[in-house]
Every structure is written in structure tokens, then in C-alpha cells.
Amino acid sequence: MADHSETMCRQVDVGMTRVFELFGKRWTGLIVATLMPGPVHFADLRRAIPGISERMLSDRLMELAAAGLVVREVDEGPPLRVSYRLTEAGRGIEPALKELSRWAETYLADGGQCPERFRK
């Protein structure tokens, strides 16, 4: 049986709280996933994520940069272009995101609902 002591629960809460404070925000996971293959210019990021506004993309990128997961780089022009890339810490989330994707394919395949056969 797993140890569910008060100390263990606090440790899980602290780590999970930090993760979901950042990745629980809308668009954050999609931005990181889009940056996984390599640097992406701001305009290309915006096109790659349908429905995100420029303001929201900018805000999320600033949050990711503040957390040390993304680096902003200015490409000298003309034209002047800004690109973003993941740091080593940002790339470190890739296995977890891939596993979440596999989980979603298995358990959320029915339009975001867990199929009846898995609801036990």
C-alpha cells in the first residue's frame, strides 16, 4: 500500500501546485508543445495555436520566460523578428507532455470524455 502520510501529501501538493500554477493556465501547454521541435517566431507561434490572441500569447511567453522555461531572442532585421525557444528546463517537460498526449489518446478519445469502459 502506498504511503499517504501527511508529510508525503504535503510534498506532492507543493510540486503539483507549482506545476499546475503554470501549466494549468490555458494555452501554456500548447505553447510549450509548439516550441518542442525548436525555435519559433512569434507570428508563427500565433498561427500554430488557433484561437490565441497576440496579447495572451505574449503574456504566456513572459510567464514561461520568468519561470526559466523559454528564452526570447531578437533576430536582427530587416525585418526585426522575435523568436522563442525552450531552455534545457523547458525541454525537460517533453517526456511528461508526450505521456499526457498518449494518455489523452487512450482515455479521452471520445470527444474529451473518458470512454465508458475506463470508468471503473
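This is a predicted model: local features need pLDDT of at least 70, side-chain atom pairs count only at pLDDT 80 or more; totals for chains, interfaces and linings use all residues.
A residue counts as buried when its relative accessible area is under 20%, as exposed when that area is over 50%, and as partly exposed in between. Tyrosine 84 has a relative accessible area of 8%, and it is therefore buried by this cut-off.

The secondary structure of the protein consists of six helices and three strands. Followed along the sequence, these elements come in the pattern α-α-β-α-α-β-β-α-α. The protein has 120 residues, and 22% of them are buried. Its accessible surface amounts to about 8,600 Å², with 56% of this area belonging to carbon and sulfur atoms. Contacts between residues at least 6 apart in sequence were also examined, and 44% of them join residues at least 24 apart.

Tyrosine 84 leads on to the aromatic rings. A pair of aromatic rings is described by the distance of the centres and the angle of the planes. Two aromatic pairs are found when the whole structure is searched. In one of them, the ring centres of phenylalanine 42 and tyrosine 84 are 6.4 Å apart and the planes meet at 55°, so this pair is tilted. Distant parts of the chain are linked here, as phenylalanine 42 belongs to helix 3 (residues 42–48) and tyrosine 84 to strand 3, 42 residues apart.

Tryptophan 103 and tyrosine 107 also form a tilted aromatic pair, with 6.0 Å from centre to centre and 40° between the planes. Both residues sit in helix 6, four residues apart, which is about one turn of the helix. How accessible are these two residues? Tryptophan 103 has a relative accessible area of 42% and is therefore partly exposed. Tyrosine 107, at 31%, is likewise partly exposed.

Rolling a probe the size of a water molecule over the atoms shows where empty space is left. The largest pocket holds about 410 Å³ of space. It is lined by 16 residues, and those closest to its centre are Phe23, Ile93, Ala96, Leu97 and Leu100. Helix 1 (6–23), helix 2 (28–35) and helix 6 (94–107) are the elements that each give two or more residues to this lining. Helix 6 supplies the largest share, with six residues. By residue type, the lining of the largest pocket is made up of 11 nonpolar, three polar and two charged residues.

Between helix 1 and helix 2 lies a loop, and tryptophan 27 is found there. Is tryptophan 27 buried or exposed? Its relative accessibility is 12%, so tryptophan 27 counts as buried. Residues up to four places away in sequence aside, tryptophan 27 touches Ile49, Pro50, Gly51, Ile52, Met56 and Arg60. One of these partners, isoleucine 49, is 22 residues from tryptophan 27 along the chain, and the C-alpha atoms of the two are 8.2 Å apart. The backbone here also deserves a look. Most residues other than glycine have a negative phi. Tryptophan 27 is not a glycine, yet its phi is positive, at about 85°.

Threonine 87 occupies the loop between strand 3 (81–86) and helix 5 (88–91). Its relative accessibility of 14% is why threonine 87 counts as buried. When neighbours within four places in sequence are left aside, threonine 87 is in contact with Gly68, Leu69, Val70 and Val71. Arginine 91 lies in helix 5 itself. With a relative accessible area of 43%, arginine 91 is partly exposed.

Note on methods
Residues are numbered from 1 along each chain as its sequence is written. Side-chain values use heavy atoms; hydrogens and water are left out. On a 1 Å grid over the protein atoms alone, a cavity is a set of points where a 1.4 Å probe fits but cannot get out, and a pocket is an open set with protein on both sides within 12 Å along at least five of seven lines; lining residues have an atom within 4 Å of a point. Grid points are joined across faces, edges and corners, and a volume is the space filled by probe spheres set on the points. Ala, Val, Leu, Ile, Met, Phe, Trp, Tyr, Cys and Pro count as nonpolar, Asp, Glu, Lys and Arg as charged, and the others, Gly among them, as polar. Buried means under 20% relative accessible area, exposed over 50%, partly exposed in between (1.4 Å probe, protein chains only). Contact means heavy atoms within 4.5 Å. Accessible areas come from the Shrake-Rupley method with a 1.4 Å probe; for residues, only the protein chains shown count as cover. Rings of Phe, Tyr and Trp (its six-membered ring) pair if their centres lie within 6.5 Å; planes under 30 degrees apart count as stacked, over 60 as edge-to-face and the rest as tilted.
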